[in-house]
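Biologist: I would like to learn how to read aromatic pairs and charges over rings. Please take me through them.

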Amino acid sequence: MKKKEQFIIIPEEVWIKGIENKDYLACYCFIREHALMTNKVIFTKKVLYDQLRVKRQNIKERVCQAMQQVLNDFCDDDAKINFKKFKVNELICVFLDEEKLDRKEKSFAKIYADDLIKLESYATSQQNYQDMLLLLCYYRTRMIKRNTDSTVEIAPAILYKYLLDISTELQLPLSATVRCLDILQEVKIINLYRMNTKKINDNYFTGKLIIYDYVNRDELYSNEEILDAAIKYVNKKSKEQ
């Protein structure tokens with residue numbers, strides 16, 4: 001029997017808010033990760049700072065403001081706290097509101113426990129971690145979802161986009177987008193396939209990127225079959241446009 005994987009749900013509305021306020025997205029992900037098996041979250045500010053790679057005092061204050069906003073949005077109304085009053089090593093206990101967290105009827109990103117471990121173990125800075133988290137949420141929300149009734153040829157579990165479009169939508173510099181994608185591939189969260197790269201007058205023009213999961217959670221198709229179907233799918237869609 002296949003072992004049931006743990007994951008957290010990040011609603012599209014949360015990570016879209018994270019485009020403007022990445023601290024908000026990181027804090028939301030933090031409380032969901034620490035409440036993976038229950039709606040009770042116990043932590044300290046030091047644990048939060050360490051996980052988010054926060055060192056400077058002004059950034060810590062900014063993260064505290066974002067965490068207060070997240071707790072206001074998703075905690076039980078009767079159990080809201082003043083986050084600012086807690087000392088750095090003081091134990092904080094909050095209870096999340098299940099109804100406020102339940103967004104499964106809307107678009108969302110599914111982030112697995114092993115994704116979070118890889119992100120947190122590799123990230124070298126706060127910005128580095130937050131940019132990768134935002135990009136991963138974007139990919140997992142926008143990717144084609146294959147249901148049990150569709151074949152991989154009809155709906156391969158991929159995202160295909162121009163690199164510039166991803167950068168523009170997420171309001172990330174192109175260089176940061178490329179770096180984050182490369183890191184996500186290096187830590188074995190995603191696979192990348194670049195379509196139709198051509199060299200014209202010493203300049204390289206890259207077609208759409210195909211992004212798909214490195215860890216294949218599809219019991220019916222291999223990664224090779226997914227990529228093969230994805231290339232055919234993208235080529236077919238390109239001809240139809």
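Modeller: We go through the ring pairs, then the charges over rings. This is a predicted model, where local features need pLDDT of at least 70, side-chain atom pairs count only at pLDDT 80 or more, and totals for chains, interfaces and linings use all residues. Residues are numbered from 1 along each chain as its sequence is written, and side-chain values use heavy atoms, with hydrogens and water left out.

Biologist: What describes a pair of aromatic rings?

Modeller: The distance of the centres and the angle of the planes. Rings of Phe, Tyr and Trp (its six-membered ring) pair if their centres lie within 6.5 Å; planes under 30 degrees apart are stacked, over 60 edge-to-face, the rest tilted. Six aromatic pairs occur here. In one, the ring centres of Trp15 and Tyr138 are 5.8 Å apart and the planes stand at 80 degrees, so the pair is edge-to-face.

Biologist: Which helices hold Trp15 and Tyr138?

Modeller: Trp15 lies in helix α1 (residues 12-20) and Tyr138 in helix α7 (residues 126-142), so the pair ties together parts 123 residues apart in sequence. Helices here are DSSP runs of H or I, at least four residues, numbered from the N terminus.

Biologist: Are Trp15 and Tyr138 buried or exposed?

Modeller: Both are buried, meaning under 20% relative accessible area (1.4 Å probe, protein chains only).

Biologist: And where do charges sit over rings?

Modeller: The test is NZ of Lys or CZ of Arg within 6 Å of the ring centre and within 35 degrees of the ring normal. Arg217 has its charged end over the ring of Tyr112, 3.6 Å from the centre. The charged end of Lys45 sits over Phe83, 5.1 Å from the ring centre. Phe83 also forms one aromatic cluster with Phe30 and Phe43.

Terms used: Helix = DSSP H or I, 4+ residues; strand = E, 2+ residues; numbered from the N terminus. Buried < 20%, exposed > 50% of the residue type's maximum accessible area, 1.4 Å probe, protein only.
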